[in-house]
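Hi,

Here is the structure we talked about handing over.

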Amino acid sequence: MDFRQLQYFIAVAEDLHFGQAAERLQITQPALSKQIAGLEKMLGVQLLFRTKRTVALTPAGQTFLQQARQLLTQKEAAIQLTRRTGCGEIGHLSIGFTPRAINTVLPPLLRDFWQHYPKVDINLIELSTDVQVKALNQNTIDLGFLHPPIDQRRLQLYPIFEESIVAVLPPDHALASYDTIPLKALAHVPLIIPPPQVGSILYGRFLQICQKAGFQPQIVKESFSLDVRLCFVSAGLGITFIPEHFQFRVGNHLVCRPLDDLPLYLKFGAAWRKESINPALRNLLKIMFAQIPMHTPLELD
């Protein structure tokens, strides 16, 4: 049994006339009769009472008419659902992000995306950069908003912006008197920074810069949480560092100062698997490219 036979049967059942149904279907009456006879033989039941002048549905035919209509409706729904999924109108996206994304690109990007694709389910997961790279390679997330540099062997990276790092300290701290804190002034100051496994860019690069300047930084606390680091600073345990655009998180009880001779920048970008075939991701990337153009936007078509 194929869908064409269902269409033929429904036409005859609605018209109760082989000639009229054949004309509507644009086939010959003998061909239509042959199709209905074949359908009845396959089902093993009689669907229609036939005389020279009348056609009527049998009880089995009445039941099959309802089922045939449902099958055709389900077929059309399946086709439409498949097509919409294939073009990314329906689907699922899993997105990893660092806190920087929440205050910059992610809200407007999701707002525009859902205006065009409201049926796509998006799961947001806060992850460090290193964990995002692992999750991308393991196909557990589709897109990551993270801090380069990263291992790009299987990934496509889209740079978004970079920003300077500033120091955060109590207003009565000795270094608060500086308009710009020189690097060597940090030589004997207790520091609170993200741990290497979650802040590898800041941690590793910062250590290299300090060692090149002739001193080993005094790291007394490590925490991934910015709020925890700020709490430690408020308690007088040391000073910490944040991206310049995070200064709004500091509050009035702490002060921020730029750093001199510290070529340290926090980069931010998006990454995804080069071989990704998720059509919903392709639609999201097109919106992202429009919102955040790069010098050479990638071609997705």
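Asp151 is partly exposed, at 36% relative accessibility. Its salt-bridge partner is Arg153, with N and O 2.5 Å apart. Arg153 counts as exposed, at 70% relative accessibility. Elsewhere, Glu14, Asp15, Arg24 and Arg69 form one network, joined by salt bridges that share partners. Keep in mind that this is a predicted model.

The search of the whole structure gave nine salt bridges. Two further pairs are worth a look.

Arg100 and Glu163 make one of them, with the closest N and O atoms 2.5 Å apart. Arg100 has a relative accessible area of 5%, so it is buried, given that the cut-off for buried is under 20%. Glu163 is buried too, at 1% relative accessibility.

Asp142 and Arg273 make the other, with the closest N and O atoms 3.7 Å apart. This pair also links distant parts of the chain, 131 residues apart. Asp142 is in the loop between helix 7 (129–137) and strand 5 (143–146). Arg273 belongs to strand 12 (residues 265–273).

Best wishes

Technical notes: Residues are numbered from 1 along each chain as its sequence is written. This is a predicted model: local features need pLDDT of at least 70, side-chain atom pairs count only at pLDDT 80 or more; totals for chains, interfaces and linings use all residues. Side-chain values use heavy atoms; hydrogens and water are left out. A salt bridge is a side-chain nitrogen of Lys or Arg within 4 Å of a carboxyl oxygen of Asp or Glu. Buried means under 20% relative accessible area, exposed over 50%, partly exposed in between (1.4 Å probe, protein chains only). Helices (H or I, at least four residues) and strands (E, at least two) are DSSP runs, numbered from the N terminus.
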